[in-house]
Amino acid sequence: MTYSRSSLFATAVLCGLFAVPAARVAAQQSTPAPSAGTAAQDDQDPLKRKRSDKETLDARKEYRQELKGAYKSWLEQDVSYIITDEERRAFKSLSNDEERESFIENFWLRRNPNPDSPENEFRDEHYRRIQYANDHFAAGKPGWKTDRGHIYIAFGAPDSKESHPSGGAYQRPIEEGGGQTSTFPFETWHYRYLEGIGDNIDIEFVDTCQCGDYHFTIDRSEKDALLRVPGAGLTQSEEMGMSKKADRFKGGGESLGLGPQASGQNTKEFDRIELAAKLFAPPPIKFTDLEGFISEHTILTGPPLPFDVRTDFVRVTESTVLVPVTVQLRNRDLTFVTKDGVSSASVNILGKVTTLTHKTVQSFESTVSVQEPAELLEKALDSKNIYWQALPLLPGLYRIDIAIKDVNNPDHVGLYGRGINVPTFDDEKLSTSSLILSDNLTPVDSHSVGTGTCVIGDIKICPRVQTTPTTPVSYKRNQNLAFWMQVYNLGIDEQSKSNLAKVTYQITDSTTNSVIFEKEMESKELGSHSSQLTVEKLLPIAGLQPGKYKVTIKVNDTISKQEIAQSAPFVVE
């Protein structure tokens with residue numbers, strides 16, 4: 001019998017179709033039946049089943065990742081230099097946000113020098129130092145991340161400082177070998193006393209990259225720019241032929257070379273290592289743990305005493321925002337009492353910041369007094385007075401309540417309450433602080449940085465306060481217009497370690513939308529190596545006609561390809 005090729009192919013396919021099910025049946029018949037133990041295991045509650053090693057490891061990784069957002073930033077940025085290892089481990093072991101909030105509250109309470117006060121001086125000073133470090137020590141990274149920022153945050157300002165910002169010619173002291181050389185930029189900070197460390201502490205920082213990034217060093221020869229240049233920058237001993245420059249590189253912690261005090265300096269190598277370990281260790285907690293919490297204050301009620309409130313936002317770290325609260329009072333609304341030719345009024349101010357769950361996170365209280373000569377009281381009634389308080393807060397939603405009582409008329413009280421949304425300043429996103437308008441802008445001395453009324457960093461600027469959020473502030477033509485704003489997260493060029501952005505500020509006539517005044521500058525003019533800049537200006541407005549205006553600050557970052565702008569309206573009367 002003869003078959004065609006197509007018939008043979010069809011026959012093979014049909015055989016295959018029947019062969020596959022037969023093989024599958026045989027395989028199923030050869031598979032052993034599950035044992036009773038296996039069946040019981042399959043029926044077991046999966047929640048009670050023992051985890052495998054891989055599942056346990058994955059669960060631990062997932063647990064460690066639960067610490068994120070504001071709490072992670074608080075641990076790794078805000079308190080990274082002052083938290084102890086035990087506290088760090090304890091914070092990481094907490095399982096929910098309520099426990100973390102309680103931990104943070106007690107963390108600051110343990111360090112409060114005056115636990116009975118509603119204000120925490122240690123916490124406020126800590127965030128002031130972070131703000132100062134960001135303003136003065138930034139170098140391609142936030143100032144708090146630098147070595148100078150670390151030391152400043154931990155110990156405050158030095159008692160004295162020797163600064164060589166340009167390096168150059170340097171006459172070595174005899175303990176460093178004598179002779180003249182050329183140096184990189186460097187600074188030496190001197191502290192008369194540091195608790196737990198010792199007396200007369202000198203801390204040296206060197207900028208070997210000449211990019212503004214001063215790093216801590218225990219090697220005093222590191223600032224010598226001619227250290228590895230043959231025949232240059234010789235020490236006194238080398239100039240006299242008593243030693244060779246090659247002798248400097250025979251081991252040891254420093255490369256100062258031989259000299260009259262060389263042997264004595266070498267024996268202090270371990271002292272310098274010990275000093276470094278103490279400087280960068282968390283400071284000890286001075287105050288015992290506290291079980292109680294700050295007592296709640298009762299908000300007053302009564303006839304309305306009108307006052308105005310303004311809140312601003314200034315970044316300290318990614319997870320902490322400084323919230324300046326400005327309270328404005330009109331003399332005409334206060335009760336004055338005249339005695340011995342002096343008219344005086346006084347008010348008690350109580351403020352409280354709470355979370356959405358009614359937990360108090362900040363509170364403040366103070367007394368504001370006003371005194372005027374009796375014969376000038378009528379004229380002074382048109383004046384205004386302000387109370388200012390800066391509060392460090394985590395990003396999020398809060399409610400702020402303020403109560404004011406007239407001391408000379410106890411039944412005369414005023415209440416204020418509203419929600420505030422403290423913003424998150426993402427490290428990757430170009431952002432700004434609030435744009436603050438004032439009529440004066442005053443630099444403060446080094447001892448007053450970050451302290452006192454209306455002081456933000458090294459500038460004193462008292463905000464103008466609107467009567468309502470939609471009402472612009474007003475100026476008279478004989479006054480000045482001052483404005484202040486910080487810019488965060490500018491891009492930094494990897495090669496030059498410098499920023500590259502255009503900053504433009506302008507005044508616009510709101511009626512005609514025409515630009516009255518405009519000024520453009522490069523970001524390098526405000527600080528070349530910093531990712532954070534401060535734009536501040538004091539302008540006379542005598543040339544402006546009465547009307548409505550707007551001040552606008554624009555930032556165009558060439559490196560990160562981002563733009564941002566802030567505006568604030570004002571009226572000239």
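In which strand is Gln389 found? Gln389 belongs to strand 13, which covers residues 384-393. The model is predicted.

**Gln389 and its surroundings**
- Gln389 counts as buried because its relative accessibility is 12%, and buried means under 20%.
- The side chain of Gln389 has a polar contact with the side chain of Tyr387, at 3.1 Å.
- Leaving aside residues up to four places away in sequence, Gln389 touches Glu119, Val323, Pro324, Val325 and Phe364.
- In a regular strand, side chains alternate between the two faces of the sheet.

**Strands 14 and 15**
- Strand 14 spans residues 396-406, and strand 15 spans residues 409-422.
- The two strands run antiparallel and are joined by 11 bridges.
- One of the residues with a bridge partner in strand 15 is Leu397, which pairs with Asn421.
- A hairpin of 2 residues links strand 14 to strand 15.

**The largest pocket**
- The volume of the largest pocket is about 740 Å³.
- Its lining holds 28 residues, and Asp202, Ile203, Arg220, Arg272 and Leu275 are the closest to the centre.
- Five elements each supply at least two lining residues: strand 1 (160-164), strand 4 (186-194), strand 5 (198-206), strand 6 (215-217) and helix 11 (269-279).
- Strand 5 gives the most to this lining, with 6 residues.
- By class, the pocket lining has 14 charged, 9 nonpolar and 5 polar residues.

**Cavities**
- The whole structure has 3 cavities of 30 Å³ or more.
- The largest cavity has a volume of about 80 Å³.
- Its lining consists of 14 residues. Nearest the centre of the largest cavity are Arg172, Arg220, Ser221, Asp224 and Leu256.
- The lining of the largest cavity divides into 6 charged, 5 polar and 3 nonpolar residues.
- The second largest cavity has a volume of about 50 Å³.
- The second largest cavity is lined by Gln77, Pro142, Trp144, Lys145, Arg315, Val316, Thr317, Glu318 and Asp427.
- Of these lining residues, 4 are charged, 3 nonpolar and 2 polar.

Key: Residues are numbered from 1 along each chain as its sequence is written. This is a predicted model: local features need pLDDT of at least 70, side-chain atom pairs count only at pLDDT 80 or more; totals for chains, interfaces and linings use all residues. Side-chain values use heavy atoms; hydrogens and water are left out. Helices (H or I, at least four residues) and strands (E, at least two) are DSSP runs, numbered from the N terminus. Buried means under 20% relative accessible area, exposed over 50%, partly exposed in between (1.4 Å probe, protein chains only). A polar contact is a pair of N or O atoms within 3.5 Å; within protein, one must be able to donate a hydrogen and the other to accept it, and residues adjacent in sequence count only if both atoms are side-chain atoms. Contact means heavy atoms within 4.5 Å. On a 1 Å grid over the protein atoms alone, a cavity is a set of points where a 1.4 Å probe fits but cannot get out, and a pocket is an open set with protein on both sides within 12 Å along at least five of seven lines; lining residues have an atom within 4 Å of a point. Grid points are joined across faces, edges and corners, and a volume is the space filled by probe spheres set on the points. Ala, Val, Leu, Ile, Met, Phe, Trp, Tyr, Cys and Pro count as nonpolar, Asp, Glu, Lys and Arg as charged, and the others, Gly among them, as polar. Two strands pair if DSSP finds at least two bridges between them.
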